[in-house]
Amino acid sequence: MKKEIFKSILFFTVFFSVNSQAAMNGSHVVQVNPNEGRLVPEWRSEFNPLARHLNTKQDESYVFLLSFAPQKTVSFHNGQSLKNSMIALRGSEAGSVGHTMVAWSCSNGRRITSRGLTGFSGERSTQVKDLRDRGFGLLGALAIYTDGYLQDANTPALNYKFRQVQEGKFQMKWIGVKVSNSACNNVRAFRNRFKDSGAYRNFGFNLNPGALEGAGCSSYARHLLYQAGILNSTAPYWTRSLVVPYALVANPARVATTDNPNMGLMTPRTRFKFSLNQLQSTPVTSADLLLRSWEFNQAGFDLNITDTELIYYTILQAERLVSSGGQGSFPRNISTRFRRVRQTEGGASVNATIDQRLDGNTAAIYNSLRNNRLDAVNYSHSMINGVTGLLIEGDLK
């Protein structure tokens, strides 16, 4: 039992790295058709049903949000709930942490001129684990990893990801929104600006993609949606604000020993917004992570996480609201997701339903979507990778 709890707590630091199998990349792929002398947009083969559907809408532009749900959910409501939810997993914590991508189909008002897919990832050398193993505790959650990279439709990791969805091993949802042609091109322009500025090299949580500091996978996707004017009133609620207590991070640079000569050596391709010299020099061990408090009411570092579970929930709730309207049911079973949580009394673990009653963030997302009157919106549907998704024929603020 104790060993399993330790494994769960250790996973917390690994959780902050994006599983390489979940990693994907992002740019648009366009070829020239020599017979017609104009651009012919391409997507992956998994997008073929959607591409055929949009071929009947040559004068319209769309932007799409794709969400791959985390396989294991944890609570980011506060530090203690995060620790407790990790304990509740007790050895079953392995799996994808989730991922978010954005796609587009842009028209010039007469025909479709560009289609593309973009995502963002980093921390490819398991730097989080290295920092933990060297006694830095949860410092990896605060790091900026300088091996970030953009992802596109040709990224090999997508082959694995889409195949796992087809086999039922990952859950995926998507939604598309009709936008103006200029809004669609804003998405492409920001993707290119993010790349050309070099911001794509910086991967981490406390980074502002709009200021071209860098991003995490989901904060990058959210900013692309902002460029299109999509979910502006909803997406702010995807952020979870935590505090990483000083007691859970360390700079063990001055405690290298003969038995552990690597202790204190900084992991390559890793930097911080603050000086490590202000941190304690005593290593934070795995036992420390288990036994010390993770509560908010301590001095520490602010940590802002764009929660992949809340993005997935947003699309799920949009499907539910559309289904509640009088236009017929959404043509797909809308399943409910659960989070494994540890109750404080007796330490029992139960499943908590992820819906509008879960916490303040899910309630705010629900109310924001209701204000969009999705029960009365015009919509159609199509498929990506065998998954039916919504095409909203109007604003989604």
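**Burial and salt bridges**

Colleague: Why is Asp355 called buried?

Modeller: In this predicted model, Asp355 has a relative accessible area of 7%. Buried means under 20%, so the value of 7% puts Asp355 in that class.

Colleague: What makes Arg357 count as exposed?

Modeller: The cut-off for exposed is over 50%, and Arg357 has 66% relative accessibility, so exposed is the term for Arg357.

Colleague: How do you know that Arg357 forms a salt bridge with Asp355?

Modeller: Their closest N and O atoms are 2.6 Å apart. A salt bridge needs the nitrogen within 4 Å of the carboxyl oxygen, so the pair qualifies.

Colleague: Arg132 forms a salt bridge with Asp133. Which class of accessibility does Asp133 fall into?

Modeller: Asp133 is at 40% relative accessibility. That value lies between the limits of 20% and 50%, so Asp133 counts as partly exposed. Arg132, with 12%, is under 20% and therefore buried. The closest N and O atoms of this pair are 2.8 Å apart.

Colleague: What makes Arg240 and Asp359 a salt bridge?

Modeller: The N to O distance is 2.8 Å, and the limit is 4 Å, so the pair meets the definition.

Colleague: Why is it said that Arg240 and Asp359 tie together parts apart in sequence?

Modeller: Arg240 lies in strand S9, whereas Asp359 lies in the loop between strand S13 and helix H10, so the pair links parts that are 119 residues apart in sequence. Both Arg240 and Asp359 are buried. Arg240 and Asp359 are also linked with Asp307 in a network of salt bridges.

Key. Residues are numbered from 1 along each chain as its sequence is written. This is a predicted model: local features need pLDDT of at least 70, side-chain atom pairs count only at pLDDT 80 or more; totals for chains, interfaces and linings use all residues. Side-chain values use heavy atoms; hydrogens and water are left out. A salt bridge is a side-chain nitrogen of Lys or Arg within 4 Å of a carboxyl oxygen of Asp or Glu. Buried means under 20% relative accessible area, exposed over 50%, partly exposed in between (1.4 Å probe, protein chains only). Helices (H or I, at least four residues) and strands (E, at least two) are DSSP runs, numbered from the N terminus.
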